[in-house]
Amino acid sequence: MAIAIVGGTMIDGTGADPVPNAVVVIEEGRIVAAGPESRVSVPAGAQKLDAAGRTVLPGFIDTHVHGTYRARDMRQHLLNTPTYNVLKSIEVFRETIACGITTARDMGGADAGFRQAIEEGIIDGPRLFISLGMVSQTGGHGDYWLPAGMRIQKRAWLPHTVADGVEEIRRLVRELLMRGADFIKICATGGITSVTDSWDEPQFTIEEISTAVSEAAAKGKRVAVHAEGLAGIKNAVKAGIHSLEHGWFMDEESVDRMIAGGIWWVPTLALVPLSIEHRRKNTAWASHQLGQEDVKDAQIYSLMQTQIPLWQEAVKRGVKVAMGTDQSHRLLVGENMAELAFMVDWLGMSPMEVIVASTTKAAECIEQPNLGALRAGCMADVLVLDGDPLADIRILEQRDRLHLVMKGGKAFTNRLDG
């Protein structure tokens with residue numbers, strides 16, 4: 001049976017003006033027509049969903065999540081079985097789609113089994129594109145070695161992802177692709193949660209990163225790079241990567257290279273300020289850190305404020321931005337839409353530009369042109385929202401305003417009359 005969503009104001013994800021009294025017609029999981037009621041007819045016998053007085057949007061795409069579970073308390077993590085972690089991950093994926101994220105790029109944690117289980121409807125969650133694990137140098141951001149003399153296995157279903165030198169990286173990238181990776185994730189700097197590095201130190205050489213890029217390209221795949229500090233950002237953009245994750249301390253030279261090379265920026269702005277806020281409220285959460293997360297967050301947040309003018313200028317100059325949150329067991333599960341207000345406030349983007357960066361631009365980043373838009377031929381990923389996000393982007397954070405969350409024509413949430 002065809003489905004027709006009628007009466008709402010449509011924001012189609014392309015940046016076009018909103019369309020009042022719109023009709024979106026869905027058949028077999030795809031949109032077959034979308035536009036004003038004067039031009040789009042409701043098929044005979046279609047199931048009508050009444051969106052009158054509400055906003056109709058494409059499902060949002062989060063291009064940077066970690067959807068699988070592990071306990072933040074390391075003692076508890078060591079006591080939990082891998083199967084427990086897998087089953088707890090179901091809750092994370094369910095919360096992610098419940099807030100309106102219908103597609104996600106998993107940056108480390110989910111393997112092909114999670115992707116398949118969601119595809120087949122065994123578990124609820126956003127459509128997944130996976131990297132499996134983060135490629136890291138010895139002692140780098142993805143190397144979970146501890147001073148006690150052991151490496152902690154965070155997700156037992158994943159291969160070991162530490163490699164050094166061109167040939168080890170070549171072998172590891174090939175293995176990840178063999179195991180079903182849709183893209184490769186590599187760490188070009190340290191990070192906030194890791195124990196043995198600083199967030200701003202460079203990791204891997206340009207040659208090592210370039211090897212990952214060329215090996216992925218041989219399979220028609222791309223490379224996303226974790227990089228926070230400037231030296232690692234410079235190495236990454238020189239290596240011809242596809243997307244820069246975080247990238248907070250880029251400089252003008254980096255911006256020039258990103259624009260010239262068409263490199264995407266996934267800024268994950270909400271993570272640090274919300275971590276600081278959460279740490280103030282939850283002392284137990286704060287005490288579970290292994291690395292100096294509190295010190296690193298404070299350093300980064302202070303420096304972020306000085307970067308805002310450069311970020312805003314980069315956006316004005318045309319750096320390609322896709323929405324991503326770095327959602328993980330640590331923070332932001334089911335609260336992915338909190339990122340949007342930071343994109344408005346810190347990047348100087350309009351609410352419409354943020355919506356586009358979370359829909360058609362995010363789809364372009366992950367090279368899925370059939371996602372992110374309310375237009376004929378696209379997958380029927382649809383949100384229906386109380387209120388106008390162009391007047392206040394923050395209303396997307398309020399889950400009780402979401403009356404419809406649909407992925408591929410199947411409703412996860414449906415509180416519409418029809």
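What follows is a short chat about helices, strands, ring pairs and pockets.

Tutor: One thing first: this is a predicted model.

Student: Okay. Is helix α11 buried or exposed?

Tutor: Largely enclosed: nine of the 10 residues in α11, which spans residues 338-347, are buried, so the rest of the structure surrounds most of the helix. Among the buried ones are Ala338, Leu340, Met343 and Leu347.

Student: What do those buried residues pack against?

Tutor: Several elements, including the helices α8 (271-281), α10 (293-317) and α12 (351-357). The strands β6 (60-65), β15 (264-266) and β16 (320-321) are also packed against them.

Student: And what comes just after α11?

Tutor: Gly348, which takes a positive phi of about 70°.

Student: Switching to rings. How many aromatic pairs are there?

Tutor: The structure holds eight. In one of them, Trp265 and Trp311 have ring centres 6.1 Å apart and planes at 55°, so that pair counts as tilted. Trp265 belongs to strand β15 and Trp311 to helix α10, so the pair ties together parts 46 residues apart in sequence.

Student: Are those two buried or exposed?

Tutor: Trp265 is buried, at a relative accessible area of 0%. Trp311 is buried as well, also with 0%. There is also an aromatic pair between Phe342 and Trp346, an edge-to-face one with 5.2 Å from centre to centre and 85° between the planes.

Student: Where do Phe342 and Trp346 lie?

Tutor: Both are in α11, four residues apart, or about one turn of the helix. An α-helix has 3.6 residues a turn, so residues three or four places apart point the same way. Phe342 and Trp346 are both buried.

Student: Which residues do the ring pairs link into a cluster?

Tutor: Trp265, Tyr301, Trp311, Phe342 and Trp346.

Student: Is β1 enclosed or open to the outside?

Tutor: Largely enclosed by the rest of the structure, because six of its eight residues (3-10) are buried.

Student: Last topic, pockets. What volume does the largest pocket have?

Tutor: About 670 Å³. Its lining has 35 residues, and those nearest the centre are Met134, Gly142, Tyr144, Lys154 and Arg155. The lining divides into 11 nonpolar, 15 polar and nine charged residues.

Student: And the second largest pocket, what lines that?

Tutor: The second largest pocket holds about 320 Å³ of space and is lined by 17 residues, with His278, Asn282, Trp285, Arg330 and Leu331 nearest its centre. Seven lining residues are nonpolar, four polar and six charged.

Student: Which helix gives the most to that lining?

Tutor: α8, with four residues. α9 (283-287) supplies at least two.

Conventions:
Residues numbered from 1 in each chain as written. Predicted model: local features only at pLDDT ≥ 70, side-chain atom pairs only at ≥ 80, totals over all residues. Heavy atoms only, no water. Buried < 20%, exposed > 50% of the residue type's maximum accessible area, 1.4 Å probe, protein only. Contact = heavy atoms within 4.5 Å. 1 Å grid on protein atoms, 1.4 Å probe; cavity = no way out; pocket = protein on both sides within 12 Å on 5 of 7 lines; lining within 4 Å. Points joined across faces, edges and corners; volume = space filled by probe spheres on them. Nonpolar A, V, L, I, M, F, W, Y, C, P; charged D, E, K, R; others polar. Phe/Tyr/Trp six-rings, centres within 6.5 Å; stacked < 30°, edge-to-face > 60°.
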